[in-house]
Amino acid sequence: MYELDEKLKPYYMELDPAKRLAILDAMPEDDTVKFLRTVYNNRYSDHENRGRKNVDWWLWRCICLQQLCNKGGFFKKFREREINTIIVELLMNDSHESLMYHEYRNVAGRYLSTCRSGNYASRFMGFRQASDDEKVLKACEDIWQMSGGIAQVSGFGEKMRLWCTAFHDELAEYDAIGHEEYIRLDNQRRK
Amino acid sequence: MNENKFMSAFKANAIWLVFIAEIAIFYYFNPKFLSLPNIVSISRQVSYYGIASIGMTFVILIAGIDLSIASIIVLVNVVCAHLMMNMGWNMWIAIIVSIIMATLIGVLNGFMVATIGIPAIIATFASQTIFRGLSYILSGGLPIPDVLRYAPEAGLTGDPTLGFFARWSLNHWSLFPRQGIGLIPVCAIIMVICFAIGSFILNKSYFGRYFYAIGGNEEASELSGIRVNKMKYLIYALSGFFAGLAGIIVLSRTGSAQASSLVGFEFEVITCVVLGGVSVAGGIGHMSGVIAGVLIIGSLKSGMVMANVSEYTQMVVQGLVLAVAVGFDCFSKKRQAS
């Protein structure tokens, strides 16, 4: 959908923040790199100022979106307010669509990189590890909840369009069943 | 309301419907079940279950477990009674010291789980055995009786009627006089306050967010900047703290400390929490469900006593309820995945 510039490919393919910064520093300074630096600083800084180190604020907000998706109707107003805040924080209104699309995919990719670990989707307090299929299904559900799911529940579908597309595409690339599962979850909720 | 919304509202509140159905059944067989004295009695009975289940909820939310809470409660009983009865400590200081000790045991559990990396079930089982044993050593295997009668209070040492435990005991723990119009046991009020605090932590504080996040995907939480190990320390410490508080309530109810009491209590608390919809896989659950779970178990116990069901049969029923609650959680997960 949004072609990736060959020059920027290594930056967007890299998931480690320190390595990404090194790649960014090595690039000649122009408007695009300036913008990428702004996004980088926004993403990897502690917006709550709790003195935490190695923060991936956007990844944290993904997790928050997933939690908000699971929250009941009682917290509807609270949820809408928070989603609005997240939309602003994640620069979803920004005009650099192509760059933002790939940054969002990078966030989704970083989340998905944790979904093959031993503890992920385990049961009975970690005593029973999940099979690979179970992990993929759980990853699909997580990714859907933090994109399509929350957009549906909150009614912010239009504002979150780019975000949802990026997450969907990243999931489709992550596993063969990713695309189908995302669509299935989307349709199931719509019913 | 369309069908989908109705179904989701039904599912979200199903646990409360179970509670209402349970009450209706017990009321049908014995109308005294809904009498005021019995309701007050149930509220006293569930208070320590409720308080202990708050800490357990936090622990299960991060896909952990705390099998040591019964031993912590018993040790708090024994230590608090020992400090007051045998060492003549002021009651308030004894209570504070006991609760701090319970919290530190929670920190120890956190250390074993987070820093050493022992699976929670093994680490807390070890704690359970250690602190149950310590309770026996401290009490010499004998009960410490008459805590209510001799509990010293500042300036009122030995006065059985004015002592804190005497006034706030099983028979007198009421916000208003027993003969008065309002019969709200203070232990039930403490439980409600604790639930409000627990609910606030889960829904309104960033700690609650962290708990859910760690239970949902620990590695992603770590990458996002959450200090997972510190959170685990905090959660097990909170579990210890609430167990300690429950221990003080138990002591004030029974008036004696016994190292052999509350065997299997941790499983009853786990039943309350899982029945309330907190997933054993972690990351899913709400405090309101846990309140319903606590009330269901409390009513079930009371109803069975009123129906003259033997103690052994009660154990069978409680075991079945735990199996059904966990089984339902696993079944729904499996169905979701297929």
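**Reading the features**

A: Start with accessibility. A:Lys7 has a relative accessible area of 42%, so this residue is partly exposed. Keep in mind that the model is predicted.

Q: What does the side chain of A:Lys7 meet in a salt bridge?
A: Look for a Lys or Arg nitrogen within 4 Å of a carboxyl oxygen of Asp or Glu. Here the partner is A:Asp30, at 3.4 Å from N to O.

Q: Is A:Asp30 buried, partly exposed or exposed?
A: Buried means under 20% relative accessible area, and exposed means over 50%. A:Asp30 is at 29%, so A:Asp30 counts as partly exposed.

Q: Which residue forms a salt bridge with A:Arg61?
A: That is A:Glu82, again with 3.4 Å from N to O. A:Arg61 lies in helix H4 (residues 57-70) of chain A and A:Glu82 in helix H5 (residues 76-89), so the pair ties together parts that are 21 residues apart in sequence.

Q: Why does A:Arg61 count as buried?
A: Apply the cut-off of under 20%. A:Arg61 has a relative accessible area of 8%, so A:Arg61 is buried. A:Glu82 has 11%, so A:Glu82 is buried too.

Q: Which residue of chain B forms a salt bridge with B:Lys232?
A: B:Glu218 does, and the closest N and O atoms are 3.1 Å apart. B:Lys232 belongs to helix H11 (residues 228-254) and B:Glu218 to helix H10 (residues 218-224), 14 residues apart. B:Lys232 is buried because its relative accessible area is 11%. B:Glu218 is at 26%, so B:Glu218 counts as partly exposed.

Q: How many salt bridges are there over all chains?
A: A search of the whole structure finds 19. Salt bridges can also join up into a network, as with A:Arg20, A:Arg43, A:Asp56, A:Glu103 and A:Arg110.

Q: How many helices and strands does chain B have?
A: Chain B has 14 helices and zero strands. Of its 338 residues, 52% count as buried.

Q: Where is B:Leu262, and what is its phi?
A: B:Leu262 is in the loop between H11 and H12 of chain B. Its phi is positive, about 60°, although B:Leu262 is not a glycine. At 19% relative accessibility, B:Leu262 counts as buried.

Q: Which residues form a nonpolar patch on the surface of chain B?
A: B:Met87, B:Trp89, B:Ile93 and B:Val97 form the patch, with about 330 Å² of accessible area together. B:Met87 is in the loop between helix H3 (69-85) and helix H4 (91-116). Its relative accessibility is 45%, so B:Met87 counts as partly exposed.

Q: How much space lies in the second largest pocket?
A: The volume here is about 310 Å³. The lining has 17 residues, and the closest to the centre are A:Tyr12, A:Met13, A:Arg105, A:Glu170 and A:Glu173. Helix H1 (9-13), helix H6 (97-112) and helix H8 (161-174) of chain A each give two or more residues. H6 of chain A gives the most, with six residues. By class, nine lining residues are nonpolar, four polar and four charged.

Note on methods
Residues are numbered from 1 along each chain as its sequence is written. Chains are lettered from A and ligands numbered from 1 in the order in which they are written. This is a predicted model: local features need pLDDT of at least 70, side-chain atom pairs count only at pLDDT 80 or more; totals for chains, interfaces and linings use all residues. Side-chain values use heavy atoms; hydrogens and water are left out. On a 1 Å grid over the protein atoms alone, a cavity is a set of points where a 1.4 Å probe fits but cannot get out, and a pocket is an open set with protein on both sides within 12 Å along at least five of seven lines; lining residues have an atom within 4 Å of a point. Grid points are joined across faces, edges and corners, and a volume is the space filled by probe spheres set on the points. Helices (H or I, at least four residues) and strands (E, at least two) are DSSP runs, numbered from the N terminus. Ala, Val, Leu, Ile, Met, Phe, Trp, Tyr, Cys and Pro count as nonpolar, Asp, Glu, Lys and Arg as charged, and the others, Gly among them, as polar. Patches are made of residues with over 30% relative accessible area and no salt bridge: like charges are joined within 9 Å, nonpolar side chains (Val, Leu, Ile, Met, Phe, Trp, Tyr) within 5 Å. Accessible areas come from the Shrake-Rupley method with a 1.4 Å probe; for residues, only the protein chains shown count as cover. Buried means under 20% relative accessible area, exposed over 50%, partly exposed in between (1.4 Å probe, protein chains only).
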